[in-house]
Amino acid sequence: MTKSKNLTIIWSVFSLFILSMNLRASITSISPVLKNIQMDLQMSSVVVSLLTALPVFCMGIFAPLAGKLSERWGIELTIALSVLLIGVSTALRFVATFPLLLLLTAIFSGIGIAITGPLISGYIKKEFPKYSSTMIGVYSAGMGIGASLSAGLVVPVMHAFHQSWNAALAIWSVFALMGIIVWMPIIKKSKQAEVTIEKSGSQKSRLPWGNRYVWLLMVMFGLQSGVYYALATWLAPKVQDVGYSDAYAATTVTIFSVMQMICSFIIPILINNSVKRKPWMLLCALSSFIGILLLITGGVSPIFCATLMGIGAGGLFPLAMILPLDATATPKEASEWTAMVQFGGYIISGIIPMLVGVIKDVTNTFDFAFFALLFILVVLMLMTFKVRAKNDSNTYFLQ
């Protein structure tokens, strides 16, 4: 392999990492300054919660657009335009001095994320077919670091800008600027290949609605992602409800996030040369199950419980992203499968945190609400037994 080829590969990996940092920052930066937003804009709790709920729903609803847009502009250019949409909507938060505009920034950033995610999977399938698992790890790690930096630094940034939460939220548009800059050489490199594809002709993008295996992957993706978002939303209140301080609860959530980020990078690398996904999914789901169960029963440090939950969540997300790549033969198929998986999956995952909140309100305790998460994990583990091993076959169906 030539030096030039090595540099191209390294640059592609680096670019994907920077782009991936955009896919959660606009969501995770909201929570730490939620109370400030609510007080300044006089928003009700229900309305202000839409700032994090709307992007998640948009990530599902608009995912099917990814294939159609990439047919018109190509994968690489469409990714750049989607990241630009995320960046512009995030930057608009600097002047979002009334609720409607702030909610619109949440919707548009969600649309950008919805289109970018499936296309990154397609790009990985095209450029790194033998190292898809490892690249999903890079992708997941980029999202995790972007999420951690935005959530952890948004309050210090707010203080630095004279208590301006507008500036603290808008500053994360710098991730999009960085991403587009490093992605420009990738776009230029892809132009010749796109001309060749146009000349040879290609079929229009169609989501595989008739494939039962994709439906299985979609539900599994939704369940694992829903458990993650439920824990990200309700873990701190649960720890506080047990009697721990706000600071301890915040530390617990930080440990959960850090472990999730680390494992989302390491686990895909570990399984890159393995054809078996089932044992890893079962172990990760079991880790989350034990962590939640110990948190409910008590007598164990919530930080230890958060560590187990972080390991589980960190492994389940990239594994759920890898499965559509295992089951497809071309970048186009990979984007279509991922778009359908995320379409239904993120809608499911957006409902689960709200379900936990409803159960808590009805029962006046987090225990029953977290038992619901245990039930979801049991269902996920049972569905895992239908997961196929990675192979070269393009025919996937449920027996």
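Q: Which side chain does Lys126 meet in a salt bridge at 2.5 Å, N to O?
A: Glu76. A salt bridge here is a Lys or Arg side-chain nitrogen within 4 Å of a carboxyl oxygen of Asp or Glu. Bear in mind that this is a predicted model: local features need pLDDT of at least 70, side-chain atom pairs count only at pLDDT 80 or more, and totals for chains, interfaces and linings use all residues. Residues are numbered from 1 along each chain as its sequence is written, and side-chain values use heavy atoms, leaving out hydrogens and water.

Q: Is Glu76 buried or exposed?
A: Buried, at 3% relative accessibility. Buried means under 20% relative accessible area, exposed over 50%, and partly exposed in between (1.4 Å probe, protein chains only). Lys126 is partly exposed at 33%.

Q: Which residues are linked with Lys126 in a network?
A: Glu76 and Glu127. The closest N and O atoms of Lys126 and Glu127 are 4.0 Å apart.

Q: How many salt bridges does the structure hold?
A: Five. Among them is Asp367 with Lys238, at 2.8 Å from N to O.

Q: Switching topic, how many disulfides are there?
A: Zero, counting cysteine sulfur pairs within 2.5 Å.
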